[in-house]
Amino acid sequence: MKAYYYDDVPGDQRLAHDSGEEVSLSTLSHLGVFYRSIPVDAAGKWKGDIDEFAKERSYKNRDQITVTPEGLGPAYEDKIRSFFDEHLHEDEEIRYILGGSGFFDVRGGAGALDKKWVRIAVEEGDLIVIPAGIYHRFTVDERNTITALRLFQDEPKWTPYSRSDDTTEERPARKEYLDAITA
Ligand code: KMT
Ligand code: NI
C-alpha cells in the first residue's frame with residue numbers, strides 16, 4: 001500500500017496519477033480509513049487472520065470479486081468507469097486484496113481533505129476499510145486485474161450514492177461520518 005495525493009492531470013484513470021506528495025497512515029486514519037497488511041501466504045495463515053478480523057468487527061458475510069476484461073467481457077470498460085464515479089455508501093466498504101492491484105481514491109473530509117483526492121494504491125495482502133459516508137471511487141491500474149475479498153457487516157448493501165446527485169450530502173451516513181471525523 002502506498003498513499004499519495006492524486007495529481008488531477010487529465011488522462012486514463014488507470015495511470016498512477018502520482019503527484020509525488022505522499023499521504024501518511026495518520027492522515028488516512030484521520031479520514032477514518034483503516035489499513036492493515038496480512039500477507040497472502042501459501043500455507044493459508046491469512047485465512048485465519050481474516051476470520052479473526054471479521055469476528056472482531058462482526059463482519060458476517062463475504063464474497064470474492066475478480067475484475068478483469070476476461071471476467072467481465074464487453075461490459076468491462078463501462079464497469080470500470082462506473083466504479084470510478086464518485087460515491088458514498090451507508091455501510092463500510094471492506095476489501096482484502098488477494099491478487100492484482102488497483103487504486104481506491106478517497107476524499108470528503110473537512111476542509112482541504114474534501115478538495116484533494118487521496119489515492120491509495122493497493123496490492124496483494126492489503127486490507128482496507130473505507131468508512132461509510134466518505135466519498136470514494138475505485139479503479140484497476142494498467143495491469144487490468146484485481147481479485148478481492150469483500151466483507152460485509154450483514155446483508156450486502158451495495159447502493160452507491162453518486163456525488164453528482166445533490167441529495168447525497170444529506171444522507172445520514174454522510175452526516176455521521178462528518179461528525180465522527182471532526183469530533
Ligand atoms: C467497489 O466497490 O468499487 C469494488 O468492489 C471494486 C472492486 S474491489 C477491489
Ligand atoms: Ni464504493
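Guide: Ala, Val, Leu, Ile, Met, Phe, Trp, Tyr, Cys and Pro count as nonpolar, Asp, Glu, Lys and Arg as charged, and the others, Gly among them, as polar. This is a predicted model: local features need pLDDT of at least 70, side-chain atom pairs count only at pLDDT 80 or more, and totals for chains, interfaces and linings use all residues. Residues are numbered from 1 along each chain as its sequence is written, while chains are lettered from A and ligands numbered from 1 in the order written.

Visitor: How many residues of the shell around ligand 1 are nonpolar?
Guide: The shell (C-beta atoms, placed from the backbone, within 6 Å) includes Ile65, Val67, Phe83 and Phe138. Glu93, Arg95 and Arg150 also belong to it. One residue is polar and three are charged; the nonpolar ones number six.

Visitor: Which strands each supply at least two residues of that shell?
Guide: Strands are DSSP runs (E, at least two residues), numbered from the N terminus. Those asked for are S4 (61-67), S6 (93-107) and S10 (146-152).

Visitor: Where does UniProt place the feature "binding site"?
Guide: The entry is unreviewed, and such annotations may be inferred rather than shown by experiment. The positions spread over 50 residues of sequence, yet cluster in space, with a largest C-alpha distance of 11.6 Å.

Visitor: Is glutamate 93 buried or exposed?
Guide: Glutamate 93 lies in strand S6. Buried takes 20 or more other C-beta atoms within 10 Å, exposed 12 or fewer, partly exposed in between. Glutamate 93 has 22, so it is buried.

Visitor: Why does histidine 89 count as partly exposed?
Guide: Histidine 89 sits in the loop between strand S5 (87-88) and S6. Beyond four places in sequence, it touches (C-beta atoms within 7 Å) Ala132, Lys157, Thr159 and Pro160. It is partly exposed because the count of other C-beta atoms within 10 Å is 19.

Visitor: Which residue of S7 is the bridge partner of tyrosine 5?
Guide: Strands S1 (residues 2-6) and S7 (residues 118-123) pair (at least two DSSP bridges) in the antiparallel sense over four bridges. The partner of tyrosine 5 there is valine 118.

Terms used. Two residues are in contact if their C-beta atoms, placed from the backbone, lie within 7 Å.
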